[in-house]
Amino acid sequence: MNTATFPVPAHWIGGEAVAGSAETTTVVNPATGRVVTDVPAGTAADVDRAVAAARAALPAWAATAPAERAAVVRRIAAGLQTRAEEIAAAITAEMGSPITMSRTAQVGFPVAVAESVAALATGFEWTEEVGNSLIVREPIGVVGAITPWNFPLQQIVSKLAPALVAGNTMVFKPSEVAPLTARILAEVSRDAGLPAGVFNIVYGTGPVVGEAISAHPDIDMVSFTGSTRAGRRISVVASETVKRVALELGGKGANIILDDADLARAVETGVMMAFSNGGQVCGAWPRMLVPASRHDEIVELAVAAAAQYPVGDPLDETTRIGPMSSEAHRRKVDGYIERGIADGATLVFGGPGRPEGLSEGAYVRPTIFANVDPDSAIAQEEIFGPVLTIIPYADEDRAVEIANSTVYGLTSGVFGERGHALAIARRLRTGQVDVNGAQWNPLAPFGGYKQSGNGREFGRQGLEEFLETKSIQL
C-alpha cells in the first residue's frame, strides 16, 4: 500500500494559503486506517474572511467578458488534466476509489464538465429582447458551495465551472472526509489566471463551516450536494436570508428490465451501475426491477456479473471495488446487509462481514439480494454501498409503481426495445433516465425530483442556476 501523504496546510482565501486555528480534522485512508494528513477545522470567522474576499472580487469578475471567463475555465480543465495522476492518487488515498476509476472517472468527468460549460458561453443568450423589454442575465453574486466525499473533484467542478462562467465568486467547503483535491484545484485555478478572491476554500465540518456558509447574509446562493438529511438542514438555515438554494441529494435508482430487453446487456450494465465506486454514487441503480417470469434467469446473470468485481487494495490495477469511504460507513452498509437477511430477502451473492483476506480496512462484500420486497428497508432506503436488490414485478404498470415508490427521484434506467423503453422512461418520476445504457452527456441537465433535490447541474440549465434574471422595460 502506498504510504504517501498529501498535506493540506491551510485554507485558501484571497488567492493564498491562510492559516486556520490550531484545531484540525484528520483524514484517514479507509483501506488501511492510517492517517493521511490533517486539515484545518474551520470556524465561522474563517468563513467571514472568505466571504469578504469573494465579495471584494465580485465586481471585477462579474464585469469580465463571458468569453474571458470561459477561457479561464478552459485553462482550469487543462491544468487538472496536467495534474491527473496527482489528483487520482489523492482521491484513492482519501476515500478509497480504485486507482483505475480515479484516473478515468474521478479526473475525466470534471475535465469534461469544465470544458462543456466553457463551450456554452459563446452561444448563450446573456441578453434578449422580448417585446419592449430587455431581459438581462446577471451573476447571482457570491456562491457558497458544499460538496460530499464520493466524487470530491467532480462535485465541486460541477458547481465552480458554471458559477465562474456566469460571473460569480465562490466560497467552498469540501467534505472533511475527502478534502485533498480542493487545494490542487485552487492552485490550478490560480495558475489559470483566476483573480485572487474569486475562488476561496474553508475546510471544516458541516455543523460549523456548512452552517456558517448557509446562514451568511453576504452569500447569495448555496449549492449543495450530499445527503437528503443535510440538504433539509441547509434549506432551513438558508431560509433566514431567503437566498437561493440548489440541492442535489440522495437517490435510490431503479433499473427496469423489460421483457424485450437484451438481458445480458441489461444485467451487466445494471450490476455496474450498482457497484461502481463501491456503490457510493447518488446516481446508482441499486434496485433491479425484473419480470417475475424471468427472475431466476436474471439472478443467475447478475451473480455471474458480480463475480467480475474483485474487492481489494484500491492501488491494485485489477481492483474494481475498494473500501468504503470510512469505517463508520462500512458499518452502516454492513448493517443494511444484515437487515436484508433479517427481513427475509434471498441472499444470492456476498453477505455481511469483510471479504476473505481483508481483515483490516473499510471493506464490505458486494452483495445481491433476490426476491426483494419493494417496501423493505433495503429497497427503500439509500444504502450507498455495493448492494443490489432484485425485485420481481407482475406487469409494467407495477414496475413503474415500484420504481416511483421511494421518496427519491434522481436517476433510473430502462432496458428494452427503444420505443417501448422510451414510453416507460416518460412515466418515471426521476430527473434522469438512461435508455439501454445510453452514454453520459455532460450537456444534459442533471438533478432530482422529490427528495432528491431541486435545481439542475450541467448544460444550459446548470449555467442558468447561477444567474439572476433582470427585466428592463424600454
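Is Val130 buried, exposed or partly exposed? Val130 counts as partly exposed, because its relative accessibility is 47% and that class lies between the cut-offs of 20% and 50%. The model behind this value is predicted. The points below go from the whole protein to this residue.

**Fold and dimensions**
- The protein contains 15 helices and 20 strands.
- Its radius of gyration is 22 Å, close to the 23 Å that the globule rule gives for 474 residues, so the protein is as compact as a globular protein of that length.
- The C-alpha trace spans about 65 × 60 × 40 Å along the principal axes of the protein.

**Burial and contacts**
- Buried residues make up 58% of the 474 residues of the protein.
- Among contacts in the protein with a separation of 6 or more, 72% are between residues 24 or more positions apart.

**Surface and charge**
- The side chains of the protein include 38 positive and 52 negative ones.
- The centres of the positive set and the negative set lie 3 Å apart.

**Val130 in its setting**
- Val130 belongs to strand β5, which covers residues 127-130.
- Along the chain, Val130 and Gln473 are 343 residues apart, while their C-alpha atoms are separated by 9.4 Å.

Conventions:
Residues numbered from 1 in each chain as written. Predicted model: local features only at pLDDT ≥ 70, side-chain atom pairs only at ≥ 80, totals over all residues. Heavy atoms only, no water. Helix = DSSP H or I, 4+ residues; strand = E, 2+ residues; numbered from the N terminus. Rg over C-alpha atoms; globule rule 2.2 N^0.38 Å. Buried < 20%, exposed > 50% of the residue type's maximum accessible area, 1.4 Å probe, protein only. Contact = heavy atoms within 4.5 Å. Lys, Arg positive; Asp, Glu negative; His and termini not counted. Charge placed at Lys NZ, Arg CZ, Asp CG, Glu CD.
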